[in-house]
Amino acid sequence: AAFANLKNVLRDRDAEASDLKVSIDELEAQVRSEQQRAVQVENYCKDKLAECKERLEALRLQKDEECRKTRADMEDMRRTFLSQLSEKDELLNTQRRDMSASFDELARKQESEATAREETLRGEVREVMSKDQRLLEDK
């Protein structure tokens, strides 16, 4: 009876051990499954991170190119404006020289005309004085 009782206890313990082994195997399988899933998630995250880094680098390069182009356009505009300003300055200087030359020419012409009128008037004055002198002498 004690032997049979021990045999039953041993059988119960073997069944319990067998159940525990099955539970351990199931838990180990579950752990392996979770580890695989964790590896997959990690790989997915790494891939997404690499993709984001590539997109970020492409965007940075695009923005750098846009900035370079904008700077080049601004430099072209600056050169164009400086060129236009230089042309306008040159035109203004030419106009000033022309106006100055015209003014000088006009002043010379007026001076020449005034001198000619003065000479004419002096001649007339001499002539009148000469007539007056002759008239005085004739009297």
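## Salt bridges along the helix

A salt bridge is counted here when a side-chain nitrogen of Lys or Arg lies within 4 Å of a carboxyl oxygen of Asp or Glu. By this rule the predicted model contains 14 salt bridges, and one of them joins the side chains of glutamate 66 and lysine 63, with an N to O distance of 3.3 Å. Both residues belong to helix 1, where they stand 3 residues apart, about one turn of the helix. Glutamate 66 is partly exposed at 35% relative accessibility, and lysine 63 is likewise partly exposed at 41%, where buried means under 20% relative accessible area, exposed over 50%, and partly exposed in between, with a 1.4 Å probe and protein chains only.

Another salt bridge pairs arginine 55 with glutamate 51 at 4.0 Å, N to O, and these two residues, both in helix 1, are 4 residues apart, about one turn of the helix. Arginine 55 is exposed, with a relative accessible area of 56%, whereas glutamate 51 is partly exposed at 37%. The side chains of glutamate 75 and arginine 79 also meet in a salt bridge, at 3.6 Å from N to O; because they are 4 residues apart in helix 1, about one helical turn separates them. Glutamate 75 is partly exposed at 28% relative accessible area, as is arginine 79 at 45%. Salt bridges with shared partners link Glu75, Asp76, Arg78 and Arg79 into one network.

## Basis of the model

The structure is a predicted model, in which local features need pLDDT of at least 70 and side-chain atom pairs count only at pLDDT 80 or more, while totals for chains, interfaces and linings use all residues. Residues are numbered from 1 along each chain as its sequence is written, and side-chain values use heavy atoms, with hydrogens and water left out.

## Overall form

The protein has 1 helix and 0 strands, these being DSSP runs numbered from the N terminus (H or I of at least four residues for helices, E of at least two for strands). Its radius of gyration is 59 Å, whereas a compact globule of 139 residues would have a value near 14 Å; the radius is taken over C-alpha atoms, and the globule rule is 2.2 Å times the number of residues to the power 0.38. Along the principal axes, the C-alpha trace spans about 200 × 20 × 5 Å.

Within this form, arginine 97 is found in helix 1 and is partly exposed at 49% relative accessibility. The C-alpha atoms of arginine 97 and alanine 50, which are 47 residues apart along the chain, are separated by 69 Å.

## Surface and charge

Of the 139 residues, 0% count as buried, and the protein exposes about 13,200 Å², of which carbon and sulfur atoms supply 56%. Accessible areas come from the Shrake-Rupley method with a 1.4 Å probe, and for residues only the protein chains shown count as cover.

Met74, Met77 and Phe81 form a nonpolar patch on the surface, with about 330 Å² of accessible area together. Patches consist of residues with over 30% relative accessible area and no salt bridge, like charges being joined within 9 Å and nonpolar side chains (Val, Leu, Ile, Met, Phe, Trp, Tyr) within 5 Å. Phenylalanine 81 lies in helix 1, which covers residues 2-138, and is exposed, with a relative accessible area of 52%.

The mean positions of the 28 positive and 34 negative charges are 2 Å apart. Lys and Arg count as positive and Asp and Glu as negative, with His and the chain ends not counted, and each charge is placed at NZ of Lys, CZ of Arg, CG of Asp or CD of Glu.
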